[in-house]
Amino acid sequence: MAKFKLFSEESNRSPLSRLWKKFKANHPALVGLWIFIALTLLALFAPLISPYSINQQHADALLLPPSWHEAGDVRFILGTDDLGRDILSRLMNGATFTFGLSIIAALITTILGVIIGSLAGMSRGLRSSFFNHLLDITLSIPSLLLAIIIIAILGPGLLNTVWAIILALLPQYVHSIRNLVVEELNKDYISAFRLDGANKWKILTRGVFPNIYEHIVVIFTMALSTAILDIAALGFLKLGAQPPTAEWGAILAENLGLIYLAPWTVGLPGVLLFIAVLSTNLVGDGLRQVLKDRKAD
């Protein structure tokens, strides 16, 4: 009787609650999720909670090491750079530029990818063939290289970097969504929808999307991970955020000459980039595993 009750409670759970229960069992993915939430909150509120302005200079505190070092100063927990700017404040605000803008770029990429990929998946004949060949051409170019080409056309800058990354990432996610839609359209329940007289819009919204929304979430995490790296890489190459903007990649490029004299000015933004990408990948891997187990069930 108890087993039957447990089975009934499990069967009455919504699909999202069942996914969340399985996701929580994956401890690395859960840790990645909490880090992801913390970085998101930091990106939102960094200007309000950072100790100093990102460009405020302290002439009496040039190249101070972190506060736990014997030569450090408790006023500057993570030390200062060669202009006397507080590294903690710059890194906190850098989350807004690197992580925050990456979320925006990934959201726009995913939304556009869902729209265009759905239209491509529903199309047939010559139009579908032309679209496939166009996707094959663009997918042969690495996303970072494509972003650099777009930046060369639009010009350097943080806003242009976001658009370049959106346009560079879009082909691979259109391709992913299109494959998901085509796979669902070939299933028996879609044939039943057609026999009931459903139009293309109803087939997409009531048939296809409810069965692929989990995959769209995974695609978003993949887009976010790539966007973080690309924004930082373009900033490091001085094609993205321009000094004195406190973007993590730009901070790395700005302090690269101090790597031996003041390694904390380079190591700390590198560690934050690593943590941001790792947490996003952990969440994405956790979601993929949950979806895999769901299909097996």
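Threonine 245 lies in the loop between H9 and H10; helices here are DSSP runs of H or I with at least four residues, strands are runs of E with at least two, and both are numbered from the N terminus. This is a predicted model, in which local features need pLDDT of at least 70, side-chain atom pairs count only at pLDDT 80 or more, and totals for chains, interfaces and linings use all residues. Residues are numbered from 1 along each chain as its sequence is written, and side-chain values use heavy atoms, with hydrogens and water left out.

**Threonine 245**

- Threonine 245 counts as partly exposed because its relative accessibility is 22% (buried is under 20% relative accessible area, exposed over 50%, partly exposed in between, with a 1.4 Å probe and protein chains only).
- Leaving aside residues up to four places away in sequence, threonine 245 touches Arg90, Phe97, Leu158 and Ala250 (contact means heavy atoms within 4.5 Å).
- A polar atom of the threonine 245 side chain lies 2.8 Å from the backbone oxygen of glutamine 242.
- Isoleucine 54 is 191 residues from threonine 245 in sequence, yet the C-alpha to C-alpha distance is 8.2 Å.

**Nonpolar cores**

- The largest nonpolar core has 63 residues, and Val181, Val208 and Trp248 touch the most other members (such a core is a set of buried Ala, Val, Leu, Ile, Met, Phe, Trp, Tyr and Cys residues joined through side-chain atoms within 4.5 Å).
- Elements giving two or more residues to this core include H3 (27-49), H4 (87-122) and H9 (200-236); H9 gives the most, with 14 residues.
- Valine 208 touches Val181, Glu184, Leu185, Tyr189, Ile190 and Ile203, not counting residues up to four places away in sequence.
- Another core, of 7 residues, lies apart from the largest one and includes Leu19, Phe23, Val283 and Val290.

Methods
Polar contact = N/O pair within 3.5 Å; in protein donor to acceptor, adjacent residues only side chain to side chain.
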